[in-house]
Amino acid sequence: MQNAKIVVVGLGAMGSAALYHLARRGVAAAGIEQFELGHALGSSHGFSRIFRDIYEHPDYIKLAEATIPMWQELDAGAAEKLMHFTGLLYFARPGNENIVKRIEAMGSLGRQVECPTPQEVAARYPALRLPPDAVTCYTARAGLLNVGRCILEHLKQAQRAGATVQEQVRVHRVDISQETPLLETAAGQISCDRLIISPGPWAPEILKELALPLWVTRQQEFYFLPRDRARYKPGQLPVFGDMDTKFYGFPDYGPGVKTADDGHGVETSPAEVDRTLDPSKRDELQAWLSSIMPDSGFSYVEGTTCMYTSTPDRDFVIGTHPGNANVLVAAGFSGHGFKFSTLVGKILADLAADGSTEYPIERFRPDRFDKACAS
């Protein structure tokens, strides 16, 4: 039997970050991943995810702000740039409550938000042509993260700091009936003082004893190539989102301009997810892109699928397993978790090593759903 002080199961966005922060603290930590490192079978892979500092709730704004220096520190040690400040532009028709709530939440904390007119947007970003009555909000402390490289960089720097990693090792069983968690894996039994479980879309299966109200949906993203790529690069175009349709997009980074639908797709599971792309969704998103960038001449390049693992309130699940104080869980990131992953890793490392964290995580308690039912 192998013994470890702290074991992290699942080395995607959250698990890789937890291992990184544990190793930086000098804690003896080991990570286990069922597939190869940086695989494309879960929720976090590819070229880009949004980071932003604007949210509907002040708690999320504060947490988002705390992630930026952490990402910058990770970026400073990376061979390839991970973080691009492009700015973020939201827009909607007049009367959209979601955009109003975000502006109001930022204002409640004294944060500045620009609300340029569609004409001012066109002057700043010539490729963009918003509807003439569009309401907008823009924040400069936002942009994109190279999602695949961020995960691998967390792992690389974790190993450099002393963490050990086992990839393509499946965990067959987790026994938390005793104080010391015990794992039965394809590489043998492992016991540990503390266990962190960050299973991504495998959470409903792996954490089924918690009866968390999680559901997994299939999401699609598509890349389109503009005729004149220079006008669509980061710096020439922000990350942008339509709060009426829930469609959003990225500048030309990687294979092209990326776009996706933030609305929930078809319910699925990692074992059953259909990775065949839907041509009708591709065409719908291309038509939307062309409507706000009419001179683009977009041609389709490629697409991919990922999964959201969502909670009813869209808040995360982070905290101590109700059945064992030595087990921590991180799940249910509801399609907006990647930007927080380096901070979530820090929170998990704090909880595992110290038993507490300075960050406000009460709203993420795993047992909150039981409380809701009881009330």
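Is R25 buried, exposed or partly exposed? R25 is partly exposed, with a relative accessible area of 37%. The terms work like this: buried is under 20% relative accessible area, exposed is over 50%, and partly exposed is in between, with a 1.4 Å probe and protein chains only.

A word on the model. This is a predicted model, where local features need pLDDT of at least 70 and side-chain atom pairs count only at pLDDT 80 or more, while totals for chains, interfaces and linings use all residues. Residues are numbered from 1 along each chain as its sequence is written, and side-chain values use heavy atoms, with hydrogens and water left out.

Salt bridges next. The structure holds 25 of them. The criterion is a side-chain nitrogen of Lys or Arg within 4 Å of a carboxyl oxygen of Asp or Glu.

Back to R25. Its partner is D350, with the closest N and O atoms 2.9 Å apart. R25 lies in the loop between α1 (13–24) and β2 (29–32), and D350 in helix α8 (residues 341–354), so the pair ties together parts that are 325 residues apart in sequence. Helices (H or I, at least four residues) and strands (E, at least two) are DSSP runs, numbered from the N terminus. D350 is buried, at 4%. A network of salt bridges links R25, K346, D350 and D354.

R363 is partly exposed at 24%. D315 is buried at 9%.

Now the sheet. It is open, has three strands in the order β3-β7-β4, and pairs antiparallel. Pairing requires that DSSP finds at least two bridges between two strands. The edge strands are β3 (49–51) and β4 (83–85), each pairing on one side only. β3 and β7 (residues 143–145) pair over three bridges. F51 stands opposite G143 in β7.

Last, the cysteines. C115 is partly exposed, at 46%. For C150, the closest cysteine sulfur is in C306, at 15 Å, again too far for a bond. C150 is buried, at 0%.

Methods: A disulfide is a pair of cysteine sulfur atoms within 2.5 Å.
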